[in-house]
Amino acid sequence: YVSTSQMFNGLTNFTLMGWFNIDPKQYPFTNNASGRASLFGELWTAELSFYQGTNLYFYAQGIPATIFVTSGFDPGLWHFAAVVNDDVATTVYLDGVVAGVGGPCPGVTLPYYFGIGDKVSNFPTVPSPFEGSIDEVAAFDHALSASDVQNLYKLATPVILNIKPSGANLELKWSQGTLLQADAVNGPWTTNTAPSPYLVAPAGAKKFYRVQVQ
C-alpha cells in the first residue's frame, strides 16, 4: 500500500488508470463486511475499487450514480482499468473497451490522500486492501481521449498469433492488428483483410503469417 498527497481535489477533468491482477485464492474479496478491495484513486473524490466481493466500481462524491462493472476481470490475469472524467461524463474502460458510463464528477475537495492498494474504498478507518498485484498506475489532470486509452492498452499488450488444426483447415487467431502473409519468410508480405479467427486450407509447400499492430 502506498499513498501521496491529494491529487484530484477540485478537478473536473482527469484520467486515472493502471493494471491489476486478482489473486484467485482471495476472490471474491472478503476482507471486510462490504467486500471492498482498493485498487487506486482518492477516497470519495475519485475511487476505483471493488465492492460486494466481485463488482469493480468507480465512485466520486457528487457523481449522479456509482458506475459498476460486473465482469471481464478474471482472477489470475492482468487487466487494464481506466477512468476518464470530463465535463460531460465519466467513462470506465476495461482492457481498452468502454465498460461503463455515468454522469461527470463535480470536482469536490476532501482531505484524503491518493492511494494504491488500500484506503481508497470504504471509510477512512476501515482497511480495504487489494489482494493481488497492481502495476503501472498513472494519473492525469486532464481527460484522455478514447483512442489514447485504447492505444495505451494495446501498446502494453503482447500480440500472439495462434495457429491450430481445425478439421481439414488451419485456424489462425489473434487479438488485435492486421494479418499479413507471404510465401517466403523474408517477404514480400501482403495484407490479408480477414478478421480473426481466420480459416485457411493448407496449400503449397509453405506459407508464412504475422500480425502487424499500428
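**Close-up views of a predicted model**

Strand 3 (residues 37-42) and strand 4 are joined by 5 bridges and run antiparallel. The model is predicted: local features need pLDDT of at least 70, side-chain atom pairs count only at pLDDT 80 or more, and totals for chains, interfaces and linings use all residues. Residues are numbered from 1 along each chain as its sequence is written, and side-chain values use heavy atoms, with hydrogens and water left out.

View A. Strands are DSSP runs of E with at least two residues, numbered from the N terminus. Two of them pair if DSSP finds at least two bridges between them. Strands of a sheet pair through backbone hydrogen bonds, either parallel or antiparallel. Strand 4 is also joined to strand 5 (residues 55-59) by 5 bridges, again in the antiparallel sense. Serine 49 of strand 4 is the bridge partner of serine 38, and serine 49 also stands opposite tyrosine 57 in strand 5. Leucine 48 has phenylalanine 58 of strand 5 as its bridge partner. Strand 4 (residues 46-51) is largely enclosed by the rest of the structure, because 5 of its 6 residues are buried. Buried means under 20% relative accessible area, exposed means over 50%, and partly exposed lies in between (1.4 Å probe, protein chains only).

View B. Strand 3 and strand 4 form a hairpin with 3 residues between them. In this turn, tryptophan 44 has a positive phi of about 65°. The hairpin of strand 4 and strand 5 has 3 residues between the strands, and glutamine 52 takes a positive phi near 60° there.

View C. An open sheet is formed by 6 strands in the order 1-10-3-4-5-6, with antiparallel pairing. Its edge strands are strand 1 (2-4) and strand 6 (67-69), each of which pairs on one side only. Neighbouring strands of this sheet are turned by 20° against each other on average, direction ignored. For such angles, axes are lines fitted to C-alpha atoms, and angles run from 0 to 180 degrees between N-to-C directions.

**View D. Aspartate 95 and its surroundings.** Aspartate 95 is found in the loop between strand 8 (90-94) and strand 9 (97-102). Its side chain makes a polar contact with the side chain of histidine 79 (2.9 Å). A polar contact is a pair of N or O atoms within 3.5 Å; within protein, one must be able to donate a hydrogen and the other to accept it, and residues adjacent in sequence count only if both atoms are side-chain atoms. Leaving aside neighbours within four places in sequence, aspartate 95 is in contact (heavy atoms within 4.5 Å) with Gly72, His79, Phe80 and Tyr153.

**View E. Lysine 207 and the sheet of strand 17.** Lysine 207 lies in the loop between strand 16 (198-200) and strand 17 (208-212). Lysine 207 is partly exposed, with a relative accessible area of 36%. The side chain of lysine 207 makes a polar contact with that of aspartate 183 (3.0 Å). Strand 14 (residues 178-182) pairs with strand 17 in the antiparallel sense over 5 bridges. Within this pairing, glutamine 181 has tyrosine 209 of strand 17 as its bridge partner.

Key. Helices (H or I, at least four residues) and strands (E, at least two) are DSSP runs, numbered from the N terminus.
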